[in-house]
Structure formats: structure tokens, C-alpha cells
Amino acid sequence: MGRRQILAALLALGSSAGLGVGRAAPGRPLHVIVPFPPGGGTDVLGRALGFRLEQQLGRSVVVENKPGASGIVGAEYVAKSARDGNTLLFSGLVPSVRYYSQPLSRIDDELAPVCMIARSPYLVAVNPGVPAGTLRELVRLAGRSPGDLAFGSPGNATPQHLATERFRIQAGIDMLHVPYRGTGPMMTDLLGGQIQVVFATVAAAEQHVKSGRLRALAVTSDQRLERLPDVPTMAEAGFAGFEAEIAFGTYVAAGTSGEAVAGLNRAINQALTDAGVRDKLVEQGFVPVGGTPDDLRRSLVAEVAAVSELVRSGRLRIEAA
């Protein structure tokens, strides 16, 4: 199913009663900020959420792409916006690379977590021209020619980049990182053979795996995917203990009232209970989550702490694009 069909289906799901979001500024649109270019997984999910919230709240929702610097541009825009709950960041779990080198308390100084949206494991996918039919064969190939294999990511310090670097460290191999400005151009170059390896979301890679244009070597979840039952888990592929996923959450400017945050949280959780929305997210390889602002913050802190440990140890170096 194409993105336009997905969004059209979401729009057709019908409306529900408003839940009191943005009552402090009646009539003003809710701005959903996506800090990456159009076309990638973050953009698709952000627009799906935006359209559903428009139906949910009975108010205008405007989705804006503000890409740049691995999400920093969009995150800073929201952090500096009015503290009225009318500007909502939709981002991967860690919405700014600079959090990895700052005290965790700084997160609360800039952005307030609202709600977790969805999670997805990655597919470790290679161009069919790569002479590796398994993950162990890929590691052996990289070991024989350090730096010759190139892996792509949607940008420096994006979740896909960090997942690949974590695997590279665990496997003890050297690969060249090629950062892109979004998932779309990364996948184009993978299909064209300009890069050889990616850790890509199921949404980005599945259709190409099924068509034979890419080869999936493993999935980073603890169980195989029903939609791709022949793709082994990382443990089955010989790398027990390695799990990774991309998680999406929503944030507002720090200092936004608890009432506004609670209202947005209720609206998002309600949208995620809709069977049609859940079905569409699952079709794209995502697992709807939801929860409280504290749930999102705990996940955020855990991710920052895990990556920061690698950064402080010198085993991982990340920079904004």
C-alpha cells in the first residue's frame, strides 16, 4: 500500500470528540514538526499522526518538515517555540544529537516528553551484489577488507547510524559510514550499489526484500517477523545479545503547562487505540505504543545513557550533520 493510500485511509477513519488540547489558544492550528525530509519513515508516521489528530481534535493540524543537523534544527525550533502546546515535535526517541554529550538533566531544560508513538526493529539489508548470504559472512567479508564496505544512514547520529555503529563495535569490524539527508536517498544508493549495507526500518526495506532487490540478513528484534518469516533474528544469525529498534515520540517546549501536555497525551493515546490507525501502522512494520509522558522520558533517558557510555569510552564518535 502506498503512502498516499495510507494517508487517505487514515483521513477516512472518521472523527472523534475533541479532548481539550490547545484550549489556551482556541482557533490556532497544531503544528507537528518533523525534523527530517519528506518521504522517510519519520515523515510518514508524523503525517499519519497529524491527520488523525486533526480528526480527533476538530482543529487544523499543520505538518511541517524542518530537516537539518540530524534532527537538531527541528528540535531547536520546537524548544524555542511558544510554551502553549501548539507546536509538537515528532521525532525518533532522541530528538537531538547533542544530548549524548550533555548531562541528562539538560533534556528537561529544552523539551518536555508527551507520548511514545511507535517502535520498529531494523532489517540488516545488503545490496544483492554483496557476496554475503548471512550476517556472519558479511562480518567475515568486512574483516578481510577493513573500511571497504560502506554502510548508509539517514544522517549522523540518527538511530539507524547508532544501531549500525553498535553492531560494528560488537562484531569488531570496520565499515565506512556514509550519512545521507534522509531515508529516501539512502535507500536509492543502496539499491544502486553505491553503498552496501544498511540498518533500515521494516517500512523502508520490506518491499525491496520481497522483490529481491535487497537481501535481508537479520532482523534486530528478539523474534522473527511474521511478514518476513525467513529472516533470522540477530541471535539466530550468531550475534546473541544484540537488539535495536527505532522508537518515535512526541515532545513540546519545556515549560509547557502540565494541562496542555496531558491534553496532547490523551489525544495521541486515543488516536493510537483506533483499529484503523493501528492496522495502518502495523502494515508499515511499526508497533503502536502510547503511554504516559513519564514512560517516554524513561525510554529517552535509557537510550541516551546507553549511547553516552559508548561516546565517553571513545568507542563511538558522533557528530551532527
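This is a predicted model: local features need pLDDT of at least 70, side-chain atom pairs count only at pLDDT 80 or more; totals for chains, interfaces and linings use all residues.
Colleague: Why are helix H7 and helix H8 called roughly parallel?

Modeller: The axes of H7 (residues 183-192) and H8 (residues 202-211) cross at roughly 25°. Angles under 35 degrees count as roughly parallel, so H7 is roughly parallel to H8. Their axes come within 11 Å, and H7 passes H8 in a right-handed crossing.

Colleague: Which residues make the contact between H7 and H8?

Modeller: On H7 they are Thr183, Met187 and Leu191, and on H8 they are Ala204, Ala205 and His208.

Colleague: What makes a residue of H8 buried, and which ones are?

Modeller: Buried means under 20% relative accessible area. The buried residues of H8 are Val202, Ala204, Ala205, Glu206, His208 and Val209. Their packing partners are E4, H7, strand E7 (197-201), strand E8 (215-219) and helix H10 (275-283).

Colleague: What makes a group of residues a nonpolar core?

Modeller: Its members are buried residues of nonpolar kinds, joined through side-chain atoms within 4.5 Å. The largest such core here has 53 residues, and Ile268 is one of those that touch the most other members. Strand E4 (residues 111-126) gives this core its largest share, eight residues. A second, separate core of 20 residues includes Leu123, Ala125, Ala150 and Val198.

Key. Residues are numbered from 1 along each chain as its sequence is written. Side-chain values use heavy atoms; hydrogens and water are left out. Buried means under 20% relative accessible area, exposed over 50%, partly exposed in between (1.4 Å probe, protein chains only). Helices (H or I, at least four residues) and strands (E, at least two) are DSSP runs, numbered from the N terminus. Axes are lines fitted to C-alpha atoms, for helices over the stretch in contact, and angles run from 0 to 180 degrees between N-to-C directions. Angles under 35 degrees count as roughly parallel, over 145 as roughly antiparallel, 65 to 115 as roughly perpendicular and the rest as oblique. A crossing is left-handed if the near helix is turned anticlockwise from the far one by less than a right angle, and right-handed if clockwise. Contact means heavy atoms within 4.5 Å.
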